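Please look at the structure below. The questions that follow ask what lies behind the terms used for it.

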Amino acid sequence: MRIEYDIKLGFKDVMIRPKRSTLKSRSQVSLQREFQFLHSKTKWQGIPIMAANMDTVGTFEMALALSQKGLFTAIHKHYSVTDWNVFSSNAPEGIENYIAISTGTGAQDAEKLAEIFSFNPHFKFICIDVANGYSEHFVDFVKHTRTQYPDKVIIAGNVVTGEMVEELLLAGADIIKVGIGPGSVCTTRVKTGVGYPQLSAIIECADAAHGLGGHIISDGGCTIPGDVAKAFGAGADFVMLGGMLAGHEESGGELIEDNGKHYKQFYGMSSNTAMDKHVGGVAEYRASEGKTVKVPYKGKVDHTLLDILGGIRSTCTYVGASRLKELTKRTTFIRVAEQENQVYSKE
């Protein structure tokens with residue numbers, strides 16, 4: 001046993017210090033990024049915000065809506081091969097630049113991935129997703145997938161430490177998903193005591209990844225547009241959102257009416273709800289590590305996207321970054337004890 005005494009920080013622990021700027025308007029800020037990935041050498045251009053690969057968020061409908069604005073969706077892994085083929089047959093040209101096919105690490109997962117690519121060889125992104133990216137089996141699966149698909153962009157996670165980011169990049173991943181326990185419907189930290197404050201995880205993992213020419217995704221913990229800006233300021237190349245994109249027309253989850261108000265169901269992918277739905281329940285050897293909530297119905301996701309993107313543009317004007325790429329270089333975090341005046345937060 002050992003104790004690390006260095007302070008680790010989450011989004012709530014900091015704010016971004018403003019700096020002098022020559023920008024006159026938010027309209028002068030470009031949120032477009034262009035990346036070339038480490039192993040596949042694929043070039044990508046767009047706004048690097050991702051819908052999470054949860055079945056209540058990472059839907060085909062969400063992908064269609066987000067791709068129109070140049071945003072990305074990691075499609076959840078519970079669609080069938082037939083579902084994928086139907087979607088591909090009707091999807092607009094260029095959609096392959098803004099979606100990833102998610103997969104687990106079992107033999108059946110590998111077979112399903114191969115079937116999807118046999119019909120859709122033009123798809124470019126694979127998201128290998130597990131809750132705990134620290135196992136040798138996971139690293140071996142990443143290596144095997146790289147060998148099998150040398151030209152595909154491989155996203156792998158989740159981890160929260162620099163050494164594991166480096167190992168996964170060396171194993172063949174292009175982009176590492178960073179985050180254990182910060183999600184709004186994740187209870188991993190409660191059930192296991194394991195986790196890492198998200199802002200510090202981003203800073204440390206980005207440093208490790210960029211040293212090798214890789215990229216990272218901040219996955220989890222964002223509840224407001226300011227958190228998304230902080231994630232980019234800390235060095236994240238992409239920011240993945242779950243709860244902020246839940247509850248929309250394009251989101252998955254059952255639509256519920258309660259006392260005349262409409263809600264959509266939102267749950268973690270290790271929750272009782274998800275495991276009952278997809279694997280016949282929670283296995284005897286494990287515990288549920290997610291919760292199920294009702295999110296007020298928000299209508300089309302376009303309105304939420306405008307709010308998020310507008311907030312990030314505003315952040316950039318406060319620190320003088322004309323491009324999203326410049327934000328991390330222009331960011332100085334200050335430690336704080338409060339974030340907002342909440343005197344009118346409850347009506």
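Q: Which residues does L66 touch, not counting residues up to four places away in sequence?
A: L66 touches A51, L71, F72, T73, L245, V301 and L305, where contact means heavy atoms within 4.5 Å. This is a predicted model, in which local features need pLDDT of at least 70 and side-chain atom pairs count only at pLDDT 80 or more, whereas totals for chains, interfaces and linings use all residues. Residues are numbered from 1 along each chain as its sequence is written, and side-chain values use heavy atoms, with hydrogens and water left out.

Q: Which members of the largest nonpolar core touch the most other members?
A: They are I49, L66, W84, V228, L241 and L245, out of 102 residues in that core. A nonpolar core is a set of buried Ala, Val, Leu, Ile, Met, Phe, Trp, Tyr and Cys residues joined through side-chain atoms within 4.5 Å. As a general background, nonpolar side chains tend to be buried together in soluble globular proteins.

Q: Why is T73 called buried?
A: T73 has a relative accessible area of 0%, and buried means under 20% relative accessible area, exposed over 50% and partly exposed in between, with a 1.4 Å probe and protein chains only; T73 is therefore buried. T73 lies in strand 5, residues 72-75, where strands (E, at least two residues) and helices (H or I, at least four) are DSSP runs numbered from the N terminus. Among the residues that T73 touches are A51, L66, Y98 and I99, not counting residues up to four places away in sequence.

Q: What makes E257 count as exposed?
A: The relative accessibility of E257 is 57%, so E257 counts as exposed. E257 is found in strand 12, residues 255-258, and its C-alpha atom is separated by 34 Å from that of S89, 168 residues apart along the chain.

Q: How do you know that K177 and D129 form a salt bridge?
A: The closest N and O atoms of K177 and D129 are 2.7 Å apart, while a salt bridge is a side-chain nitrogen of Lys or Arg within 4 Å of a carboxyl oxygen of Asp or Glu. The pair links distant parts of the chain, with K177 in strand 9 (residues 175-178) and D129 in strand 7 (residues 125-129), 48 residues apart. Both K177 and D129 are buried, and the structure holds 9 salt bridges.

Q: What is the distance between the closest N and O atoms in the salt bridge of D174 with R146, and why does the pair tie parts of the chain together?
A: The closest N and O atoms of D174 and R146 are 2.6 Å apart. D174 lies in the loop between helix 5 (162-171) and strand 9, and R146 in helix 4 (residues 136-148), so the pair ties together parts that are 28 residues apart in sequence. D174 counts as buried because its relative accessibility is 0%, and R146 is likewise buried, with a relative accessible area of 12%.

Q: Why are E249 and K300 called partly exposed?
A: E249 has a relative accessible area of 41% and K300 has one of 43%, so E249 and K300 are each partly exposed. Their side chains meet in a salt bridge of 3.0 Å, N to O.
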